[in-house]
Amino acid sequence: MQPSLHGTPRGREVVLEQVRITGLALRREALVVAVVLAIVSVPIFVDIANGTAGTWFDSSDWVPLGVISLLFPFAMWRGEKRFAPSFFWTLPVDRRKLALTRVFAGWVWLMVALAIFFCWHRGLALLSGVAGAETTSLMAFPGTTTFYLFGSAFVLGLRHPLRWFLGTFGVFFLLASLNEAVGRTPEGHSRLFMSSSFLRWIAYGPYGIDTLLDSKALQSVLNAATRGVIPTFFWLAAGLAVLWAAASRHGERRRH
Amino acid sequence: MSSLPEHAVERGELAVVTHALSMRYGRETALEGVDLRVPEGAVYVLIGTNGAGKSTAMKVLLNLVRPDSGRAEVFGLDTASRGAEVRAQIGYIPESHAHDYAWMTCGRLMQHAAAHYPSWDHAYAAQLVEVFGVRADRKLGTLSKGEARRLQFVLALAHRPPLLLLDEPTDGLDPVMRNGTLAQLAGHLADTPTTVIIATHHVHEVESLADHVGVLREGRLAAQMTRDDLRRMVARYRVEVPEGWQPPSELRVLRRSRTGREMQWTLAGERDDVTARLAAAGATVRDVTALSLEEAALAFLSEEEAA
């Protein structure tokens with residue numbers, strides 16, 4: 001006679017709990033960001049009072065947001081033994097699903113944080129009288145999502161993600177240094193990347209990194225008729241694919 | 001040596017079955033062809049020295065680690081392909097006391113666990129919190145070993161799992177709390193139909209609970225039987241032998257010592273059969289002493305050296 005077996009939790013319950021617990025785990029980071037924004041607000045308010053705040057809002061460069069999104073998963077998975085038996089993996093949920101649920105929970109909070117940042121940024125821009133397309137762009141949402149997906153794939157898929165991240169960062173730093181040494185074309189493109197058709201495609205092609213980082217692509221999300229939608233979704237799809245592969249390392253049938 | 005009947009497997013009466021489980025960590029053998037048979041409702045004590053493979057066997061059942069070969073089933077569910085369902089049936093106390101979420105309070109961790117176990121019994125959890133003296137407002141990072149262990153007991157028992165995997169469960173508990181915890185565990189088993197696997201090398205602590213025994217030595221299952229069989233089949237024989245006497249080769253000698261012409265042997269086998277064989281070989285059996293669970297387990301653990 002077999003005992004009555006217990007069921008597994010409903011997906012909705014797991015998602016809600018993971019969102020709650022991830023939010024709690026990130027309280028310290030949220031506090032740090034809030035303090036930084038509060039500190040940065042002070043000189044902006046001073047400049048607004050002096051009527052010289054325009055310079056704070058004339059950048060359409062969202063690279064810092066991308067970097068933060070890339071690093072966000074490191075904070076989120078901090079302390080979790082991803083490649084060792086731990087409490088997280090003893091939960092009665094399919095392991096790959098559980099990992100992806102945690103990633104989803106982090107994404108929810110990242111989007112909440114981004115929305116708050118946008119409100120702050122746009123609110124200050126309105127106060128300063130600098131409103132319009134140059135201030136903020138909704139493109140940052142898919143852009144940061146893509147970086148977040150790649151960051152999550154790093155953390156979930158690699159035993160030593162920080163080493164890999166620093167290595168990758170080092171390569172980019174070297175390339176950037178080389179890039180500056182070589183100089184730019186009159187159009188502002190890197191001579192280094194323009195020197196080869198492959199590098200040109202990687203950097204400035206319709207699916208290139210520049211398209212991902214540049215606000216042109218971000219704005220294109222608002223206007224599906226423009227060319228930027230496809231590259232944006234191309235990178236999103238690539239991020240999802242890489243994340244799936246990384247999460248699959250933790251699948252029920254994988255050996256640790 | 002196994003006296004657990006194979007036909008029980010066919011009748012689906014076994015809670016846990018493993019088939020030739022083998023696993024290595026690098027060059028170290030953790031498990032080698034292990035065939036566990038744990039009947040439903042049993043309290044199965046898995047005995048072994050440090051590194052014998054007890055913890056690894058439990059992790060395989062939870063699908064926390066995957067074996068190199070072989071497979072395992074819990075209540076007929078394959079642990080590799082139906083890991084989530086298997087884990088829903090298990091309350092687990094790991095060997096380690098450390099918890100990953102140092103920032104979290106005990107109360108929040110219980111809430112977290114409750115969200116993942118539909119069978120979580122909130123009233124029972126509250127009762128366990130009271131009994132084990134767990135303070136819900138304490139952060140995990142500030143818990144002592146004993147406090148962490150008590151919290152792990154609450155987490156393992158509160159969803160009334162059909163299978164409990166307890167890895168060195170009394171480790172970190174002071175003697176008073178250890179007795180209280182084992183009494184609470186006995187009470188739980190009386191209230192809730194549960195199969196239990198306890199991995200330990202402190203056999204005397206769980207001797208009163210155990211009804212089945214498995215002995216792991218260097219990753220191999222040296223013995224597996226009911227407690228009654230163990231008492232019947234493993235005994236210390238005091239024998240007097242003539243000069244130059246050689247023991248019958250078919251006897252399974254676990255331990256031996258000698259004083260003059262008198263020998264004390266710990267032997268495995270049916271008592272009457274062993275006595276008859278010794279007598280037939282010319283030895284005089286002076287007396288036969290039954291062993292405690294711990295003594296018998298130690299005899300199996302030291303078998304190789306004795307041989």
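How many residues does the contact take from chain A and from chain B? The contact takes 31 residues from chain A and 32 residues from chain B, where two residues are in contact if their C-beta atoms, placed from the backbone, lie within 7 Å. The model is predicted: local features need pLDDT of at least 70, side-chain atom pairs count only at pLDDT 80 or more, and totals for chains, interfaces and linings use all residues. Residues are numbered from 1 along each chain as its sequence is written, while chains are lettered from A and ligands numbered from 1 in the order in which they are written.

On the side of chain A that touches chain B, the elements that give two or more residues are α1 (11-25) and α4 (87-90) of chain A. Such elements are DSSP runs numbered from the N terminus, helices being H or I of at least four residues and strands being E of at least two. The most comes from α1(A), with five residues. Sorted by class, this side has 13 nonpolar, eight polar and 10 charged residues. Here Ala, Val, Leu, Ile, Met, Phe, Trp, Tyr, Cys and Pro count as nonpolar, Asp, Glu, Lys and Arg as charged, and the others, Gly among them, as polar.

Chain A as a whole has 12 helices and zero strands. Of its 256 residues, 32% count as buried; a residue is buried if 20 or more other C-beta atoms lie within 10 Å of its own, exposed if 12 or fewer, and partly exposed in between, with C-beta atoms placed from the backbone. Among the contacts in chain A with a separation of 6 or more, 69% join residues 24 or more positions apart.

Helix α5(A), residues 95-128, has 34 residues and reaches 49 Å from its first C-alpha to its last, close to the expected 50 Å. Gly129(A), with a positive phi near 80°, follows α5(A). Helix α7(A), residues 161-182, has 22 residues and should therefore span 32 Å at 1.5 Å a residue; its end C-alpha atoms are 31 Å apart, which agrees. This helix is hardly covered, for one of its 22 residues is buried. Just after α7(A), Gly183(A) takes a positive phi of about 95°.

Chain B contains an open sheet of four strands in the order β13-β14-β12-β15, with antiparallel pairing. Two strands pair if DSSP finds at least two bridges between them. The edge strands, each pairing on one side only, are β13 (252-259) and β15 (284-290) of chain B. Strand β12(B), residues 234-240, pairs with β15(B) over six bridges, and Tyr237(B) has Val288(B) in β15(B) as its bridge partner. Helix α11(B) lies across β12, β13 and β14 of chain B, at about 100° to β13(B); axes are lines fitted to C-alpha atoms, for helices over the stretch in contact, and angles run from 0 to 180 degrees between N-to-C directions.

The largest nonpolar core has 90 residues, of which Val45(B), Val154(B), Ile197(B) and Ala297(B) touch the most other members. A nonpolar core is a set of buried Ala, Val, Leu, Ile, Met, Phe, Trp, Tyr and Cys residues joined through C-beta atoms within 7 Å. Helix α11(B), residues 293-301, gives the largest share of this core, seven residues. Apart from this core lies another, of 29 residues, including Ile68(A) and Leu243(A).

Terms used:
The expected span of a helix is 1.5 Å times one less than its number of residues.
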